[in-house]
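Please open the model in your viewer and keep the selection panel at hand.

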Amino acid sequence: MTLTRPHARAIVAAAIVLLTFDLLVFAAGESPWIALSRGLAGSLGTAYGVGQVLYKATSLAIAGAAFSVAYRAGLFNVGLEGQLSLAALASGVVGARLGWAPWWLALPLAVAAAVAVGGAWAAIAAWLRVAFGAHEVITTILLNRLADALIPLALAHGLGDGGVRTGDVAHAATIPRLSTLTHALAGSAASLAVVLAVLTPALLDRWERRSIAGRELGLVGPSPDACRAAGVPVARRLFAALTLSGALAGLTACGVVLGYKGHYELGMTAGTGFAGIAVGLLGRGRPLGLLAAALLVGALQQAGLVLNASVPKEATDVLFGVVILAVAIAGRREEAR
Amino acid sequence: MRIDARRLTKRYGGLVALDDVSVELAPGKITAVLGENGAGKSTLLKLLGGLEPATSGEVVLDGRARERWTLADARDAGVFVVHQHFSLVPSFTGLQNLMLGDEPVGPLGALRPRPLRDRAERTMREAGLGVDLGARVSAMSLGERQRLEILRVLVRGATTLLFDEPTATQTRGEASRLYAMMRRLADGGATVTVVTHHLDEVVAHADAVVVLRRGRRAFAGGVRDKTIDELARLALGDAPSAVTPPPLDHDAPIALELDALRGRRVDVPSLRVRRGEIVGVAGVDGNGQDELVELISGLSTALGGRVLLDGASLDGLDVAARRAAGLGTVFADRHRFGVVMGATVHDNLMLGELGGDEAARARARLLASGASPARPELPIEAFSGGNQQKIVLARALDRRLVALVVAQPTRGIDAAAAADVRRRLARAATDGSAILLLSSDLDELRQLSHRLIVLHRGRVVAELAPDVDEAALGRAMLGASAA
Ligand SMILES: Nc1ncnc2c1ncn2[C@@H]1O[C@H](COP(=O)(O)OP(=O)(O)OP(=O)(O)O)[C@@H](O)[C@H]1O
Ligand SMILES: [Mg+2]
């Protein structure tokens, strides 16, 4: 099969997705047509559904940007999960202790805590990479496991309410829900963090194109040796890229803890980091690409939730995987032949 | 097999890389392809080898036009391109590289390297190729890697071999051995085509020659009655003149000094280069040249000893700091240490020096480099091999330096451009730079150097005058102690 033209590939990709969807739903004993309309209605058909998609896309877009910045430097940050969950814990813990502060102090402090902890956790892997050449895929996976073990311990010993969650974040430190602006979104989890989701990929892109450090990231990625030979501070750039990636993972956590739940609880961000990798790869690090990918994945996740009653979660997970593969195939550029 | 290109044209966007070119390559013959950088030589080979589709025109095999000509078709027909840039896996052994992508397996799916090894050894004997199949590629010299690359296509049944600048990385002795091997293949019925910038090789070894100029065929015919000057005029429009070093001031201060410098594979007790002096470093490739350059540039750390620039030790300074102190470096391995593939020509010109008045500086460098097309926004892949090399040189040569360490500066660039680079090196010496010139082109070393040193197994085994006779130089390079 020689699918050279982009259009032909896109059509084939769409056909594969639809076919898989039909088969899966059919196997679950549902009518594909009804499932499709219900999935669409539940994700994009109601204001609440749209709000939920926006909420999910917010996290996904920032996490996708987090993945992208490391990927640009040739680093594969599998550690978004751990960086995200520790950062979420940090924003919950700090946020819960900010009852005394006015909002213009409380919110930045809670956000800063998340960003700092996410960045610091990633900086461990970055340091291991730069100082000892330890591969970041290995170290970030290990750090994910370590974070999984540390968090319950921390919650149980002083940082939490003794159980599986932190105390409630002070109201001053929360990010306002979108539902406070318009009644249509009542009950949905989307918050003003949506602004961050739009700004982060755009600002990051600007930085990567305009600043010296940002541009050098894109050169260090494909050819670290040539960069080293030309006097580019390769180790510093790699360290910065992975640390920044972790810091952005921390920012992702803010949308969840400060924008929605108002506290941290165990397992709350599970899966967001991995989905962020998919978004980052699909979006190819471009701002609009990241937003589009985040909306796509967010809509799929929401539709999956809606269908959960009649179609098992595993089936929607399979569909999710197929969609990502299909988009990757359709978007493959000529040069990647 | 006889393979013809019939009216082949290749366009990249608006740029015509190959323009209506027809050539006939006969079995039993060695055909040389000549032309300046960017003339379309590599493009012609890629089209013939099925690596890229032609925009128009066709490939004709034994008189039969093939409308479909993909990589797989070419392989089935025994047509293989041996690249300028090798595609070997460094951490694999020679044998593992031979198997890669074509693994011989037994009935139960187990790897059976035995028959392949036997076949490879037979092929090596027949073609006169020496490769240690058990050694890792990373430990092989460039010459040995080259032979392994050739062996790989031979065991896969190559009968038409298209070599893209196989001798660019080799000394003349190695090149002669390579041509002897090609001759044996041709005598056995193979069709051999060789791209080269070395006109003397064409006169000495080829039967026929094709000259490309700006994508068009400028000449095709026999080589028997041609002189080097005639070929130069055909390929370049003019025979380039030799360059001489500027007169040496023996009292000039020492600008570059190596003091008991020691790495894992080199050990240089003492070397002093004066301002305005060009010291040539001769040696068979793989005798410590690469590490020497890495140690001086600061890319790798010395086990002992010092590098001094204008009398000041560079100890503890990294690459950027050494550059700021007035040291310029050009590494031999252009693909690894020279260019960033995937980046633009502009970014490659300014690598390590981003910021400030970039656009103007990049434009000036591109202009001075003589590389074409003069479009800094293009990706570096759109530049021919020789033009990429010019970009790398432009980075080092555009400012006044205390010392310049250049390895293989003219590798892969055409004779006219090479003369131009040598003139720029001579001018840098006139302006007061100390130059350490490492090259496998002995003519270049003898032409340009005030004196020669010879590296063998990482040690300086001889110091010679540049007009030393070639036999003595050759002996020294093989490790015979100084005459
Ligand atoms: N992928 C590409 N995209 C755009 N232009 C290209 C591409 N590949 C080659 N070219 C252009 O085609 C022309 C011919 O290139 P080619 O590599 O065939 O030159 P060459 O004769 O092999 O030169 P050299 O001696 O430097 O190796 C050059 O002008 C080059 O810039
Ligand atoms: Mg070429």
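Which of the 20 residues around ligand 1 come nearest? Select ligand 1 together with B:Lys41, B:Thr43, B:Ala382, B:Ser384 and B:Gly386, which come nearest among the 20 residues around it. Please bear in mind throughout that this is a predicted model.

Next, display the polar contacts of the ligand. A backbone N or O atom of B:Gly386 is 2.7 Å from an oxygen atom of ligand 1. At B:Gly38, a polar backbone atom lies 2.8 Å from a ligand 1 oxygen. For B:Glu165, show the side chain: one of its N or O atoms is 3.4 Å from an oxygen atom of ligand 1. The protein covers 87% of the 640 Å² of accessible area that ligand 1 has on its own.

Now colour the surrounding shell by residue class. The shell around ligand 1 comprises seven nonpolar, 10 polar and three charged residues. To place these residues in the fold, select strand 2 (15-25), helix 1 (41-48) and helix 14 (385-397) of chain B, each of which supplies at least two residues of the shell.

Then move to chain A and show its surface. Select A:Trp33, A:Leu36, A:Leu40, A:Leu44 and A:Val50, which make a nonpolar surface patch of about 500 Å². Helix 2 (residues 32-45) of chain A gives the most to this patch, with four residues.

Finally, centre the view on A:Leu36, a residue of helix 2 of chain A. Is A:Leu36 buried, partly exposed or exposed? A:Leu36 has a relative accessible area of 30% and is therefore partly exposed.

Terms used. Residues are numbered from 1 along each chain as its sequence is written. Chains are lettered from A and ligands numbered from 1 in the order in which they are written. This is a predicted model: local features need pLDDT of at least 70, side-chain atom pairs count only at pLDDT 80 or more; totals for chains, interfaces and linings use all residues. Side-chain values use heavy atoms; hydrogens and water are left out. Patches are made of residues with over 30% relative accessible area and no salt bridge: like charges are joined within 9 Å, nonpolar side chains (Val, Leu, Ile, Met, Phe, Trp, Tyr) within 5 Å. Accessible areas come from the Shrake-Rupley method with a 1.4 Å probe; for residues, only the protein chains shown count as cover. A salt bridge is a side-chain nitrogen of Lys or Arg within 4 Å of a carboxyl oxygen of Asp or Glu. Buried means under 20% relative accessible area, exposed over 50%, partly exposed in between (1.4 Å probe, protein chains only). A residue is near a molecule or strand if one of its heavy atoms lies within 4 Å of it. A polar contact is a pair of N or O atoms within 3.5 Å; within protein, one must be able to donate a hydrogen and the other to accept it, and residues adjacent in sequence count only if both atoms are side-chain atoms. Ala, Val, Leu, Ile, Met, Phe, Trp, Tyr, Cys and Pro count as nonpolar, Asp, Glu, Lys and Arg as charged, and the others, Gly among them, as polar.
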